[in-house]
Amino acid sequence: MTEPAFDRDWFSKPADSLLALMQRKRLAPSEVARGLPGGLATLRGLLTGDVAIDDAVAVGLAASVGGTAAFWLRRQGLYEAYLGRVIDAVLATDGDSWLAKVPVPASAGPAIHGRTADDSRRAAVERRLVFFDVNGAEAWSRRYGALRCQTRFRESAAFEVHPGATAMWLRQGEVEAALVSTAAWDPDGLRAAIGEIVELSRIGQPVRFLPRLRDLLARFGVALAVVRAPEGCRASGAARMLSPTKAMVLASFRHRSDDHFWFTLLHEIGHLLLHGGRTFVDEEGADEDEPEREANVFAADHIIPPDRRQELASLRPDHEPVIRFSRELRVAPGLTVGQMQHRGLIPHSRLNKLRRNWTWDEIDPALS
């Protein structure tokens, strides 16, 4: 197996080679994880840089994806050596300013052998470099500082938003999306499956509908990732093309209600289908631009078809007629209530018992 090429000012994670081999051999993450000590947690740790390749992991990788254990250990050694050079360069230039600007989740453990416990500044720079997979502040700004223009995301304008926290959430979404095997991007197939997607809203529990939704979207080249938003990130959902053949829809379950979750999901699917690689920013409470309005219309039209809007407007605002109308549309009653409230047909205090609201105890088991 050919050794990867390195530049003196750059590093490449062993996970880069791992993902390339998985794609080339069409190996699902679950297949690779079965051969690793620690399973999926180890595979995720390799992607984030929290797990270093030791003898046991090297043997597992050799058996799962190919190469030899010696190759994977050598790959880890090269990565650590070049990462060390990049850390030195960052510390000598803009390390302090970057540390103040860019948050990262707590490390699950040292990614570099021999790291000293008291070298917190070096470790903090390293963690940011590894997690975001960049070689410094300038690269981070190019890739994630401008991500608000490269990613369509819904945010609440009523709260202060930390751009670094939003970037961290998006990066976590990318990692989770890498663990989702998908077919090639198929926009026509996705568009034809919208009805089937919306019908899943009738399933009440996330632990039951999320796996089915993830599998359904994967058939059309969309990796569904769900990541709880960290403090300072008010995003509800995001959509972006990860490659020409793979898209990502990222959800945060921010409001933990069925009408908000499914509308946001359809909104992001709308961006993928209507706007492709165009760049713009969506924020709740902000002025809507044309792509934002188009995505909103797309979502609303697939909850309440245009030819049923007049019937919705005259619907008696009681439980029984709303449930009956929703059953005819094959959507959850909460989505109908959400549209009635949004359109001003009923006050926001009306019919809320028909909306499903979840706790994190109900959501978290569906994310594993």
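**Strands, core and spaces**

A hairpin of two residues connects E3 to E4. Helices (H or I, at least four residues) and strands (E, at least two) are DSSP runs, numbered from the N terminus.

Before going on, a word on where this comes from. This is a predicted model, in which local features need pLDDT of at least 70 and side-chain atom pairs count only at pLDDT 80 or more, while totals for chains, interfaces and linings use all residues. Residues are numbered from 1 along each chain as its sequence is written, and side-chain values use heavy atoms, with hydrogens and water left out.

Back to the strands. Strand E3 covers residues 235-243, and its pairing with E4 is antiparallel, over six bridges. Two strands pair if DSSP finds at least two bridges between them. In this pairing, Gly237 is opposite Ala251 of E4. E4 also runs parallel to strand E2, residues 222-226, with five bridges between them. There, Val222 is opposite Ala247 of E4.

Why is E4 largely enclosed by the rest of the structure? Strand E4 is residues 246-251, and six of its six residues are buried, so the rest of the structure largely encloses it. Buried means under 20% relative accessible area, exposed over 50%, and partly exposed in between, with a 1.4 Å probe and protein chains only. Lys246, Met248 and Leu250 are buried on one side of E4, and Ala247, Val249 and Ala251 are buried on the other.

Met248 also has a contact with Glu174, and so do Tyr144, Arg240 and Leu242, leaving aside neighbours of Glu174 within four places in sequence. Contact means heavy atoms within 4.5 Å. Glu174 sits in helix H10 and, at 13% relative accessibility, counts as buried.

Next, the core. In soluble globular proteins, nonpolar side chains tend to be buried together. A nonpolar core is a set of buried Ala, Val, Leu, Ile, Met, Phe, Trp, Tyr and Cys residues joined through side-chain atoms within 4.5 Å. The largest one here has 51 residues, and Ile197, Leu213 and Ile269 touch the most other members. Helix H14, residues 258-275, supplies the largest share of this core, eight residues. Apart from this core there is another, of 22 residues, including Val125 and Phe131.

Which residues does Leu213 touch, not counting those up to four places away in sequence? They are Ile197, Leu200, Leu224, Phe261, Trp262 and Leu265.

On a 1 Å grid over the protein atoms alone, a cavity is a set of points where a 1.4 Å probe fits but cannot get out; a pocket is an open set with protein on both sides within 12 Å along at least five of seven lines; and lining residues have an atom within 4 Å of a point. Grid points are joined across faces, edges and corners, and a volume is the space filled by probe spheres set on the points.

The largest pocket has about 1,000 Å³ of volume. It is lined by 31 residues, and Leu19, Gln23, Ala177, Ala178 and Lys246 are the closest to its centre. H1 contributes the most to this lining, six residues.

The whole structure has four cavities of 30 Å³ or more, and the largest cavity holds about 80 Å³. Among its 16 lining residues, those closest to the centre are Ser236, Phe253, His260, Phe261 and Thr264. H14 gives the most to the lining of this cavity, five residues.
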